[in-house]
Amino acid sequence: RCSLKHLRFHDDWHYEDDPDDPRFEEFLVRYNAMLVNNLTACCGIRLDLSSHYPEIISLDEGELGIQDWTCSECAQYYCCECTDEDGNKLLHSCHTCERNYC
């Protein structure tokens, strides 16, 4: 079991369509598999994240290495359906720093 729950890579790396070192993408694939295998439920509605979200770390061009569904501050996991009693989403994206916060 791994205690590593959240990674943040340099912004320049997100936009590379062909990383200089193929080991970076290989690492992302392995790290994503570890995250998905260790996820049991989100912190909001207790949805089984591993069956609904097979990719926690993005491998897409323009978002390479961005970790979704995770609060950047507390490292808790939330699905896109988690809301408070007023219907507001529990995980919010900051478009300035490109991070998620609960």
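Predicted model: local features only at pLDDT ≥ 70, side-chain atom pairs only at ≥ 80, totals over all residues.
Residues are numbered from 1 along each chain as its sequence is written, and side-chain values use heavy atoms, with hydrogens and water left out. Local features need pLDDT of at least 70 and side-chain atom pairs count only at pLDDT 80 or more, whereas totals for chains, interfaces and linings use all residues.

Helix α2 comprises the 17 residues 22-38 (helices are DSSP runs of H or I of at least four residues, strands runs of E of at least two, numbered from the N terminus). Buried residues of α2 include Phe 24, Leu 28, Tyr 31 and Leu 35 (buried means under 20% relative accessible area, exposed over 50%, partly exposed in between, with a 1.4 Å probe and protein chains only). Glu 25, also in α2, is partly exposed because its relative accessibility is 35%. The C-alpha atoms of Glu 25 and Leu 59 are separated by 7.5 Å, although these residues lie 34 residues apart along the chain.

The count of disulfides is zero (a disulfide is a pair of cysteine sulfur atoms within 2.5 Å). Cys 94 is in no disulfide, the nearest cysteine sulfur, that of Cys 97, being 3.5 Å away. Cys 94 is partly exposed, at 28% relative accessible area, whereas Cys 82 is buried, at 1%.

Technical notes. Expected span 1.5 Å × (residues − 1).
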